[in-house]
Amino acid sequence: MKTRKWLTMATSVVLAASLTAGCGNNGNNNNTAGDASNANNGTANAGASNGGTKELSGKLVIWTFFDQVKDMAEQFEAKNPDVNIEVKMFPGDQYQTKLLTALQSGRDVPDIFDLERGYIGKFIDSKFLTDLSAMGGDDLVKDYIPYVQELGRSSDGKLRAISDHSSPGGFWYQKDIAKQYLGTDDPDKIGEMVSSWDKIIDLGKKIAADSGGKEHLIQNAGDLFDIEAYNTQPWVKDGKLNIDPKWQTIFETQQKIRQGNVDAKLPFMSAGWGNALNDGSVVLTSMPAWAGFMIDNKDNKANGKYGVAKTPEGFYVGGTYRGIYDKSDNKDLAYEFIKYIAGTEWQQHNLEKTGNMPGSGKVYESNLDTYTSPFFGDQKILKPYYESVKQMPAIKADKYGEDILSKWRKAAGDGVTNNLSYEDVVKNFKKEVKNTFPEIKVD
């Protein structure tokens, strides 16, 4: 995974409206695996499993913004020499618009296309995604991490997209800095020391006092937002804005973090944020497992330097899903590709080559006592990640969630910075939601 550039709010709204308009009954949503039986561009024998166990042939076109799809294609082609896969990559800030244009026009549409966590909710209920449940897809994800599986389901419960990975997070720390300020670099002990936000606040106050304000426990009060973002109720229920009461507790905790000098006040992914991660001026940084590119490892100087501990609640950041175009002539072959990346062989390869955490619980469990990563020395880092990711509630994506979440982040962040009351934050937030989504009922 890599950082993504987000579309402007205006573009997101247009995308959502366009996709909703495309969900009518004329979309051939009842197509099943049998629809591909007459395909003449790609063939796959029934019962093929994980690619390569039956002779496959044909060509697939995949659209993505994610460079590791090329490796997926190469691995699948190596197992199936008569299959040719064309991977077309587009810049992340252009991808959504380009994909939507192709889908709506019906011209030059790929057989398989990628969807990022930030906007999968705008596509998941559209007519453009094949019903993978009807093709046997539920069996592919039966051992998956629950939240990963659920994000690929439409509102009617049908599987429409599958990810090959999960994106858990944890507190990363430099071992020598942890020993200096926490008295230990043991991940289990540190995890217990920061197992609640009250503990984090007390510990952060102590570190700030002991260091004369030069060292901080965490990067930003917004770290709490990132960790709690998907541990709350959906933002829209029955057409009405729904503010989980938990957000008040989260906001008030963020205020305590800021007032107690617990955080370094560094915005997520800012230059200062990255510097602190590398120079150790902040003890703990909440990081997704895929973000190792943020570490300065010139001449391998960071190898063995870091540890990772559990956060108070499980969290994840990002995720990439793949679906099959509903009018593709190559559905059977496309499904074999999806089956391959959902399987153990690919996910084990991906873990070993890139460090991307698996979507399959079975792959996690088979690597818990063996997998290590250079940055983290001999720590078995899948253990804290697996414990964290299993905690995540399985909640479906929807077309509003990510945009409304970003509005709350801004409103709450402004509230923390300007010491506003929770009531004022809610008032400002509701105004923004109402202006952007007039169809949502806002009390």
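Mentor: Start with a helix pair: the axes of helix H2 (residues 69-79) and helix H13 (residues 344-354) come within 11 Å and cross at roughly 135°. That makes H2 oblique to H13, since angles under 35 degrees count as roughly parallel, over 145 as roughly antiparallel, 65 to 115 as roughly perpendicular and the rest as oblique. Axes are lines fitted to C-alpha atoms, for helices over the stretch in contact, with angles from 0 to 180 degrees between N-to-C directions. Helices (H or I, at least four residues) and strands (E, at least two) are DSSP runs, numbered from the N terminus.

A word on provenance: this is a predicted model, where local features need pLDDT of at least 70, side-chain atom pairs count only at pLDDT 80 or more, and totals for chains, interfaces and linings use all residues. Residues are numbered from 1 along each chain as its sequence is written, and side-chain values use heavy atoms, with hydrogens and water left out.

Trainee: Which residues in H2 and H13 meet?

Mentor: Contact means heavy atoms within 4.5 Å. On the H2 side you have Asp71, Met72, Gln75 and Lys79, and they meet Glu345, Trp346, His349 and Lys353 in H13. The residues of this contact divide into two nonpolar, two polar and four charged. As for the spacing, an α-helix has 3.6 residues a turn, so residues three or four places apart point the same way.

Trainee: At what angle do H2 and H12 cross?

Mentor: At roughly 110°, with axes that come within 11 Å, so H2 and H12 are roughly perpendicular to each other. Met72, Ala73, Gln75, Phe76 and Lys79 in H2 meet Glu336, Phe337, Tyr340 and Ile341 in H12. Sorted by type, the residues of the H2 contact with H12 are six nonpolar, one polar and two charged.

Trainee: And which residues are buried in H13?

Mentor: Buried means under 20% relative accessible area, with exposed over 50% and partly exposed in between (1.4 Å probe, protein chains only). In H13 that covers Trp346, Gln347, Gln348, Asn350 and Leu351. The buried residues of H13 pack against H2, H12, helix H14 (361-367) and helix H15 (382-390).

Trainee: Is Thr130 buried or exposed?

Mentor: Thr130 counts as buried, because its relative accessibility is 0%. Thr130 lies in the loop between strand E4 (112-116) and helix H4 (137-140). Beyond its neighbours within four places in sequence, Thr130 is in contact with residues including Leu159, Arg160 and Asp326.

Technical notes. Nonpolar A, V, L, I, M, F, W, Y, C, P; charged D, E, K, R; others polar.
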